[in-house]
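Welcome! Let us walk through this structure together, one question at a time.

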Protein chains: 2
Amino acid sequence: MDTQITNPGGQKSAGEAIYQQACEVITGGVSRNTVFRRPHPFYAASASGCYVTDIDGFRRLDFANNMASLIHGHAHPAIVSAVIEQLHRGTAYTMATEAEVAFARLLCDRVPGFEKVRFVNSGTEAVMTMIKASRAYTGRPKIAKAEGAYHGTYDFAEISQTSTPEQWGTIHKPNSVPLAHGTPQGVLDDVIVFPFNDVEKTLAILDEQAGQIACVIIDPVPHRVGLVPGTSEFVEALYDWTRKNGALLVFDEVVTLRVHYGGAQEKYSVRPDMTALGKIIGGGFPVGALAGRTEVMRVLDPREQKILFPHSGTFSANPITTTAGRVAMELFDKDAVDQINALTAKAIRQIIEAISIADVPVSLTGAGSMFRFHLKPIPPKTYRETYQPKEEVALIRELLDYLYLKENIMMINTCACMFSTAITQKEVDILTQAMLNGFRFIKPKLEKLTQEINQ
Amino acid sequence: MDTQITNPGGQKSAGEAIYQQACEVITGGVSRNTVFRRPHPFYAASASGCYVTDIDGFRRLDFANNMASLIHGHAHPAIVSAVIEQLHRGTAYTMATEAEVAFARLLCDRVPGFEKVRFVNSGTEAVMTMIKASRAYTGRPKIAKAEGAYHGTYDFAEISQTSTPEQWGTIHKPNSVPLAHGTPQGVLDDVIVFPFNDVEKTLAILDEQAGQIACVIIDPVPHRVGLVPGTSEFVEALYDWTRKNGALLVFDEVVTLRVHYGGAQEKYSVRPDMTALGKIIGGGFPVGALAGRTEVMRVLDPREQKILFPHSGTFSANPITTTAGRVAMELFDKDAVDQINALTAKAIRQIIEAISIADVPVSLTGAGSMFRFHLKPIPPKTYRETYQPKEEVALIRELLDYLYLKENIMMINTCACMFSTAITQKEVDILTQAMLNGFRFIKPKLEKLTQEINQ
């Protein structure tokens, strides 16, 4: 176990000391694999706006925002004060609250396809609830999902999330590859995998099991697939196919709701039957939600004679989350969405210039207020093009460590930025300069890697 | 839709008005089926200690405590102030925190079988993580669970949760009955159902599929099975069977951790391999956790060459939940556990006296700080004995409504009480008198029901 890091004076850092304690009581010392790094994770002491200070006193500019969940950055005063007001009145009851009704109203007013809402506690729960609701509505067992797409930790949703070239099989019919060891064969059999944005191949794959498919699930800008938006042609083809074949089209907008005022779905001519939500709608607190058509969501309705999908949750719709979430989303109004997207577009332009100045084979993909770096000269368009051999993963990690340790910049561990409204032109300039330095830092290794891949 | 309730003046109540708004944007008007009631749910305005005030101004004594999750009642000052202090420093980061390490340490120090911990966001996520970890560790697909036991909303965990006489089949081999419509056959096939506390029949059922079973999961005091503790003989037999057959014994202590200082598992001579936690360990905030043996939990370790069960979660181990949870559990020390259990035992004695005075065929089951009423003269011992025909369900609802509306008493919707440390002898006396009145209120209908059942 390599837990040694020493500061210039040779003393153990506070982070290292805590990690040693953590390893005694937490598996691998971390409760979330995303925060794991060698030699040890960083430990946050406090954060405000777009800056996080760790327990060793280092202050870093935050482009990760707790895995894209903090649209206004940290400790926004309006959210803090609304939560404190609610805290004194209690955090959860065996009753409903006005807070959940106000928040559901906001979401339904915001996105045309959201006719009814149900709150849960995480994006994972939202996707699981959406898949179970799809099965209950159609009476069918199977789901279809895109190769490489991340949809949380429900086992049906995580099939083929990290398929490798050795496992993935032909692009005409990608294999259902388990993520976790011991995944039941029944789960693999009930998940159909298709290549995102490939209309012809996807429809051919769906046609094969048409009568068995409860829903086709897509993330409209799937991060792990490459952070490339679904084309109108692709989304419309899925919509038409599901209409003709008695299936549902459902979206995972846990991450992508931020992309436009009405979510990434705003830009398509068709609407999904249901949408899973999470991340930014919690205002910094654990959250998930399912939103969609009244007729489909009725499977959850406790007033029905026969409830097709009985469902509850101890902390679901708790007034802390629904209050923080409502305030966060009120602040993320049309102007705020326009501003953050414009600033992100500016950042992308500046960084592309830095790529050109550094003269490195790096590309960018993204949408709205998020973008991802690829150590490839041409931006990838598919999961298989995005896929990183282990040498590339290692170099990404070197770049991230450089940014963390030398430039005091935090990013998502795929090398992606998720902006918050706390970020201004000043921070964009800092990021641009840091990336220029980072590109120069990895340039020798990157050129060697690119040569090897091309050989 | 029966949403009409009028106060004496004939005006619409605030609760009725909000529910009408809720129905426009939330499926069935509720985000959790547990808070649903006719003609409409109650809406909490504020709560403190063991009292909740609704938006119509009614103040009620709370024996439900958000479905058993608030061990100190509402808005405990120490929890509120610790949370406010953390709030100003942020609610979630793409980093670890000292708060999660301190809380994991507390849990491991408290329960001997807890060698390592991982936090998640709900009891549902905790059970799902535990089942997936069991599969990853053993490489086997199936789980075995008790008929009638509730383990959250992960579909594998909810099989046979509400089996009816028409569905449940022979007690020698209970059917795997789906809860949600559209449950895949593969899920049903991978869940083996046994009768809780019946050693002989359970072992015979397990033996049939021995090599396929990843884990045997039990709630040691399963609420829906009848809130009767697992016998030492039963738990030891499951332990021995799992040792001999390469399977894991895992506990769902989401509800029952409160029963003794070291959880319900404290009273057995054997320890489960893993335990799912939730409810009271969140201090009123969304929480779940998996705790167990180092060797088994290693499947989650990100430091391993091959991570058998890759797992993360955006809000898992957030410092609000881990701070609130740590403070709540520190306050729930050995003395507090002894006191709440002694007071609950006193309440049970007083209520048994009330049952005798009212001369009604009612019985009680329970453990530690929780008990449940049954409209049956002899306390049920099994799920099938506990099962309530619809006439009995209707009468339970009448009793609950009486308690809510006439006595201002809140209970869990199965007619169960989950004490908080905020409850004193004064509230126990109020409850006793309320129950005496309630028993008298339902007595004529209950006697008729009992006669019909005996005929």
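This is a predicted model: local features need pLDDT of at least 70, side-chain atom pairs count only at pLDDT 80 or more; totals for chains, interfaces and linings use all residues.

Residues are numbered from 1 along each chain as its sequence is written, chains are lettered from A and ligands numbered from 1 in the order in which they are written, and side-chain values use heavy atoms, with hydrogens and water left out.

Q: How many residues of chain A are in contact with chain B?
A: Contact means heavy atoms within 4.5 Å. On the chain B side, 112 residues take part, and the number from chain A is 112.

Q: What area is buried between chain A and chain B?
A: Buried area is the accessible area (1.4 Å probe) that two parts lose on being put together, summed over both. Carbon and sulfur atoms give 61% of it, and the area itself is about 10,000 Å².

Q: Which residues of chain A lose the most area to chain B?
A: Three residues together make up 9% of what the chain A side buries. They are A:Thr94, A:Met95 and A:Arg303.

Q: Which residue meets B:Glu24 in a salt bridge?
A: B:Glu24 is found in helix α1 (residues 14-25) of chain B; helices (H or I, at least four residues) and strands (E, at least two) are DSSP runs, numbered from the N terminus. A salt bridge is a side-chain nitrogen of Lys or Arg within 4 Å of a carboxyl oxygen of Asp or Glu, and the count between chain A and chain B is six. In the one made by B:Glu24, N to O is 2.4 Å and the partner is A:Arg105.

Q: Is B:Glu24 buried, exposed or partly exposed?
A: Buried means under 20% relative accessible area, exposed over 50%, and partly exposed in between (1.4 Å probe, protein chains only). B:Glu24 has a relative accessible area of 46%, so the residue is partly exposed.

Q: Why is the pair of A:Phe103 and A:Phe119 classed as it is?
A: Rings of Phe, Tyr and Trp (its six-membered ring) pair if their centres lie within 6.5 Å, and planes under 30 degrees apart count as stacked, over 60 as edge-to-face and the rest as tilted. The structure holds 28 aromatic pairs over all chains. In this one the centres are 5.4 Å apart and the planes are at 5 degrees, so the pair of A:Phe103 and A:Phe119 is stacked.

Q: How many residues apart in sequence are the parts that A:Phe103 and A:Phe119 tie together?
A: At 0% relative accessibility A:Phe103 is buried, and A:Phe119 is buried too, at 2%. A:Phe103 lies in helix α4 of chain A and A:Phe119 in strand β4 of chain A, so the pair ties together parts whose separation in sequence is 16 residues.

Q: Which residue is joined to A:Arg38 by a cis peptide bond?
A: The omega of this bond is near 5 degrees.

Q: What is the phi of A:Met67?
A: A:Met67 lies in helix α2 of chain A and is buried, with a relative accessible area of 9%. Although A:Met67 is not a glycine, its phi is positive, at about 55 degrees.
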